[in-house]
Amino acid sequence: MRMNSKLGMAAIAVGALLTTGCGTEEDALTEAHRPEGSELGQAEQLTTCPAALPVYPVNGRHNNGYDATWANWQCTPSASSVSNTDSHLGNDIFGAKGTPIVAGQAGHIRLGFTDPTGGKVVYIQDGCGWWYYYAHLDTVSTALAVGQFVSAGTYLGTLGQTGNASGTAPHLHFSIYPDGNYNAGIDPYPLLRAAEGTACSTSRVGRDSGGGFYGAISTCHSRNGGAAAAGTPFDNGGTPHVHRWGAGVVQDNNGGTLGPNTCMLKDGAGTAWMVRGSIWTAYVYQLGGSGSFLGYPIGEEFASATGPRQNFEGGYITWNGSAFAAFRY
């Protein structure tokens, strides 16, 4: 593996990554990455159709493979990115700790969510008998349960370095194997490359973790400029998907030209309103959000004599360019 001299990350961490991820002792590495409970010694596994990956499992900027630019994360494939399945029956996908991990294929959750090797893990079995293994997660979504069916794109947790990846650069170890037999795994690299265009998509806009769609939330996002202005959904302490907050549902966006923002839909309402920028910061972090006297927004930010203003159920917030003020009606 070649390293970019400008990486700026500790060489010790890189060295640890190399010893657990791409050494030359194939048998030892296979053992090191084998998930707990994997089956051994099966000559043939039954699957009823080819493995598929309609959604890239890392939903954000990343690098797929041991290469000179592994820490140069992006949304599209790296020209130098290579398959790294030869020594540990899977691909390592590098990215920032906390980057959302999503289901690459629909299926049922199998086994639990921790093991000594993978740390925090998720196992999904599709309808054809293929298992999809997501390892070293920093967090696993509390909405998941063994036996639960999840759609492709469902939020699973966040990228990390748990299990035997402790001390290495944060990454997702991703494997695909038949009928629970890790040692019979296939190279997921071609499927990952084909799905890479979905890595930074806005496909989660308006969707909850179970795949349910909230048209009002999606309309709020597009009405305010879409991905360019509002950004894409991100985890601001719960999940990047639509989720409950007080007396309604919300979806947080990481901010384009508008800065961080939230689309909020009050129970029983027909329109979702966006809270953004400096008013969003004051509302969420200083005033208590939907649980405060303000409640949910009843419209979006507009210009007033004293600067931007936004009305809420119980009062309003103004911003004069350097400080906010909140008033009850």
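Reader: What makes Cys 49 and Cys 128 a disulfide?

Author: Their sulfur atoms sit 1.6 Å apart, and a disulfide is a pair of cysteine sulfur atoms within 2.5 Å, so the pair qualifies. Bear in mind that this is a predicted model, where local features need pLDDT of at least 70 and side-chain atom pairs count only at pLDDT 80 or more, while totals for chains, interfaces and linings use all residues. Residues are numbered from 1 along each chain as its sequence is written, and side-chain values use heavy atoms, with hydrogens and water left out.

Reader: Why is the disulfide of Cys 49 and Cys 128 called right-handed?

Author: The torsion about its S-S bond is about 90°, so it gets that name. The two cysteines are 79 residues apart: Cys 49 is in the loop between α2 (26-33) and β1 (63-64), and Cys 128 is in the loop between β6 and β7. Helices (H or I, at least four residues) and strands (E, at least two) are DSSP runs, numbered from the N terminus.

Reader: Cys 49 and Cys 128: buried or exposed?

Author: Buried means under 20% relative accessible area, exposed over 50%, and partly exposed in between (1.4 Å probe, protein chains only). Cys 49 has 29%, so it is partly exposed. Cys 128 has 17%, so it counts as buried.

Reader: How do you know that Cys 220 and Cys 263 form a disulfide?

Author: Same rule: the S to S distance is 2.2 Å, so it falls within the cut-off. By this rule the count comes to two disulfides. The torsion about the S-S bond of Cys 220 and Cys 263 is about -85°, so this disulfide is left-handed. Cys 220 lies in helix α4 (residues 215-223) and Cys 263 in strand β14 (residues 261-266), so the bond ties together parts 43 residues apart in sequence. Both cysteines are buried.

Reader: What makes a set of 26 residues a nonpolar core?

Author: A nonpolar core is a set of buried Ala, Val, Leu, Ile, Met, Phe, Trp, Tyr and Cys residues joined through side-chain atoms within 4.5 Å. The largest one here has 26 residues, and Val 122, Tyr 134 and Leu 172 touch the most other members. Two or more residues each come from β6 (119-125), β7 (130-137), β11 (171-178) and α3 (189-195), with β7 giving the largest share, four residues. There's also a second, separate core of eleven residues, Val 250, Met 264, Val 284 and Ile 317 among them.

Reader: Which residues is Val 122 in contact with?

Author: Contact means heavy atoms within 4.5 Å. Leaving aside neighbours within four places in sequence, the partners of Val 122 include Ile 109, Phe 113, Tyr 134, Leu 144 and Leu 156.

Reader: How do you know that β3 and β10 pair?

Author: Two strands pair if DSSP finds at least two bridges between them. β3 and β10 (residues 155-158) have three, in the antiparallel sense, so they pass. Ile 101 stands opposite Gly 157 in β10.

Reader: Why do β3 and β8 stand at the edges?

Author: The open sheet has the order β3-β10-β8, with antiparallel pairing. β3 (100-102) and β8 (139-140) each have a single partner strand, so one side of each is left without a neighbour in the sheet.

Reader: What joins β4 to β9?

Author: Two bridges join β4 (residues 107-110) to β9 (residues 149-150), which run antiparallel. Gly 107 has Val 150 as its bridge partner in β9.
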